[in-house]
Amino acid sequence: MGRKTSRTVMGQFSGGCYLSFSILVVLGSQVPATLARGPRGEALQHGQSGTLPRFLEEPVDAYIIKSNPIKLRCQARPALQIFFKCNGEWVHQSQHMSQEHTDVGTGLKIREVMINVSRQQVEDFHGPEDYWCLCVAWSHLGTSKSRKATVRIAYLRKNFEQDPQGTEVPLNGMIVLHCRPPEGVPVAEVEWLKNEEPLSLADDGVIDRRDDHNLIISEARLSDSGNYTCVASNIVARRRSATAMVVVYVNGGWSLWTDWSPCNVRCGRGVQKRSRTCTNPAPLNGGAFCEGMSVQKSTCNTICPVDGGWGDWSEWSVCSSACERQRSRDCTAPEPKHGGRLCDGVAVAAENCTGALCTQNRKLLHDAKPQGVESTSDVALYSGLAAGVVTVVLLIIAVTLYRRNQSEYGVDVIDSSALTGGFQSFSFKTSRQANPLLINSSMQPDLTVSRTYTSPMCFQDSIDKEIMAECSLLGPLPDLKAKGAAERAEYHVMSHPQTFPRGLAPDYRGVAVGTTLGRRGKNLFTSQVSLTPSRPLHKATAVFGTAGGRLVVPNTGISLLVPHGGIAEDTTWEMYMSISQEDSSAVSEDGSEIFMSPAVTYGPPGLDLSCPIAMTIAHCAEVAAENWTIRLKRQIQDNKWEDVMSVDEESTSCYCLLEAQRCHVLLGQPGRYALVGEPLNQEAAKRLRLAVFGSPDTSNTLGFTVRVYCVDDTPHAFQEVAVGERSRGGRLLEEPRIMLFRGNTFSLQVSIQDVPQLLWSIKPFTTCQEFSFSQVWASNQHPLQCAFSLERYSHSSSQLSCKISIRQVTGEEQILQIYTSVVEQNEKGVVPFFTQSDCTVSSQTGSRAFKIPLSIRQRISATFDIANANGKDWQLLAQKLHIDRNLCYFACQESPSSVILSLWEAQHQDSGDLDSLASALEEIGKVQSPRGATTLGCRKEESEFTKPG
């Protein structure tokens, strides 16, 4: 129907054209006669009579983009008329746009005609060829036709006919990436991108792009690894293919063998070995690990050394004039050979041969003494005593003058050596092994290596520690020395006539929560929420008094610091702390938040403290890139969690100091707390610790099981894995690695590679295993584990070498290289997992729990709690200790300096020196003019975390 309508319209147009054409023919027959009869000037009006129209501009091929019409243009001289003819039919005169002007050089008239061609006209045409148009120009002598111009609708399909495919090629291999662009008019042009940058094709002829749009790299280099994209474009659109990842890998190659080691025995048959490494070249980008053994052993025979032995004594010699006779013996029974030891003892012996009856100068030999011996020895003795007395006197005078000179310094001058006076260093020998858990620990320990550690001295009483530091540290503080000495009795730990009942803690004795005994023996009944831990794994408890102390859950990165004076005098509290893992689904209903740390509970409920405690919690968030919103949350009724504060916010109810691997929190109310993270984008990452354990298969003597764990990078999470592996006899096969797992919804793949196929077999379809994104992202509930079951073909295969690849799809990859012996180790070779010296210490009370001696802490607080004329107040102390945010929290405390020092204690609990604090105090002592800072006020927040009263 559409075709018929089109033909009808074109017929009407052609009819009009035929009419015009008839008129032109009649005019054409009359014009020559008129020109012949008329004057010469009338003939020249339209040009020379002997010239046919010549086209100055002909219509060109065109493409219709989207719905925009195109213009076809035609220009000729001399021309009386110009008309377009499309698809064999004349275009109606009304559709022509014409104009005429005179050529200045020749005086001839030039006629120009244009028409518009729409998308609808092209689509309605259904001829055997493309839509076309040409121009026909008339002059006095006849007509001329232009070239045909085709008009087509431009387009570019969305889908490529063939996308490039990712590939892995060895170094110097050939890379071929196929690309067939989508169909389009005009034909699309193709270019290649490498890592989103245009690929240069003039690179020493290595890169070749053929006419069929394929990309060929004849000799692959390491720099050719990357993401390649085929881009097709024409005048309509630009399309991108799927990205093809090209990996140029390097297979490992063995280095040269080292020289044979010395025989391991001094005598007889032994073993010597030599080794080589897979570093020539080292495997790269997933290349195959070297096949074969890295260590060769050979038997050796060492000639046994022969130790020397004494022969018989000779006869005594004749008695000499010195009343002495001698005899000798030789080390020849046997002689020392092949490095044997020489004989012990003397080779020549002498004795008096007259029974002490021989005389010299008419005196018996044993009565003769050198003259002057007695007088000389007496003089030396008395001279030494006199010199010692003089030295001691001079030393006492020098020390007295030095102390008197030091006492003349001002209040702000502090010697850093005084702060470290309460600590001493000691050395002990240790082995050079990188990890005592590694199963292949055949290297002998080097007992010549020593390491120095700094550890607090053990004081019998806190006063001893104060006295040791007082003279050297507070000597430069004359205006505080008298005050400190007068108040020492006030701060000293007193006896506790009334002890807090140990049955208060609900997790240990079963007494109901809420029944508490406050200070001075009064009963307090407080409504509290019963918090039953979910799978409590670790606990610690201790009794604390006014001296305070530290409570630690060993090997978990969790600790609690109770400041001195936080508990009232004459009162003790049995405090506890427990750790449990929580389900991330309980944090928020939409699942946008996950736990970044274990849940930590401390109590008992109703605990009455006059200053906040400092809790340290390990976390697994990668906070360096600021892709997280980290919040501290507290569990309330019905196991729900509510926000306490964000670590980036200002608050007067609590304080959070976030570090790379742990967070220090100042709290005033007991309860269950946890760090929760909300990712801000897909670049947010959490740290995973990857570990590989192995053990022989108990049901198959030829079997060996390799277990791979992916857990949150916190000490508590990895401890659970280690305890479980110890119970099943597992051994750590390689040093654990840290991997960043990003929140981009991609899964985690674990695969075993490069297993020697001639020596070992693996259960089919288990070489690659996968964890979904949600399993890994919320893996704090339980450790993720996958196992690979291997079986050796014979008992003679005692070594296993392979690789464990752990990678997030389109993300980071970690390779754990395993080279181990699968023969069962005896119990003597078992090394415990926890080797820290304090792994069993769960609490410290009194002065031993703090790095800063009590007397120094009191003087620092008294100095900085009240601003002086020099502007040296607690704000300056916080600034020098790099605590420069949320200062309003400290302004609301009774003693801001004391709380700041508690936070410093929590930060530096793992180090035994006070250098950073001493340096800060020295910098404060150099301040000469008041700071321009304003005094902070305190406005308490209306929160249930603010301590009542």
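**Close-up 1. Cys133 and its partner Cys86 in the predicted model.** In this predicted model, Cys133 has a relative accessibility of 0% and therefore counts as buried. Cys133 forms a disulfide with Cys86, the two sulfur atoms lying 2.0 Å apart, and Cys86, at 4% relative accessibility, counts as buried too. The torsion about the S-S bond of Cys86 and Cys133 is about 110 degrees, so this disulfide is right-handed. Because Cys86 belongs to strand 4 (residues 81–86) and Cys133 to strand 8 (residues 131–138), the pair ties together parts of the chain that are 47 residues apart in sequence. By the distance rule applied to cysteine sulfur atoms, the count for the model comes to eight disulfides.

**Close-up 2. The disulfide of Cys263 and Cys300.** The sulfur atoms of Cys263 and Cys300 are joined at 1.8 Å, and the torsion about their S-S bond is about 80 degrees, so the disulfide is right-handed. The pair links distant parts of the chain, with Cys263 in the loop between strand 20 (244–249) and strand 21 (268–275) and Cys300 in strand 22 (residues 295–302), 37 residues apart. Cys263 is partly exposed, with a relative accessible area of 21%, whereas Cys300, at 8% relative accessibility, counts as buried.

**Close-up 3. The disulfide of Cys278 and Cys290.** Cys278 is joined to Cys290 by a disulfide with an S to S distance of 2.1 Å, and with 80 degrees about the S-S bond this link is right-handed. Both cysteines lie in the loop between strand 21 and strand 22, so the pair ties together parts that are twelve residues apart in sequence. Cys278 counts as buried at 8% relative accessibility, and Cys290 is buried as well, with a relative accessible area of 6%.

**Close-up 4. Ile804 in the largest nonpolar core.** The largest nonpolar core has 68 residues, and Ile804 is among those with the most contacts inside it, together with Tyr602, Leu632, Leu667, Val706 and Ile806. Leaving aside residues up to four places away in sequence, Ile804 touches residues including Val692, Val706, Val708, Val750, Ile752, Phe788 and Leu816, and also Ser751 and Gln814. Apart from this core lies another, of 33 residues, which includes Tyr655, Ile860, Ile883 and Leu914.

How values were computed: Residues numbered from 1 in each chain as written. Predicted model: local features only at pLDDT ≥ 70, side-chain atom pairs only at ≥ 80, totals over all residues. Heavy atoms only, no water. Core = buried A, V, L, I, M, F, W, Y, C linked by side-chain atoms within 4.5 Å. Buried < 20%, exposed > 50% of the residue type's maximum accessible area, 1.4 Å probe, protein only. Contact = heavy atoms within 4.5 Å. Disulfide = S-S within 2.5 Å. Helix = DSSP H or I, 4+ residues; strand = E, 2+ residues; numbered from the N terminus.
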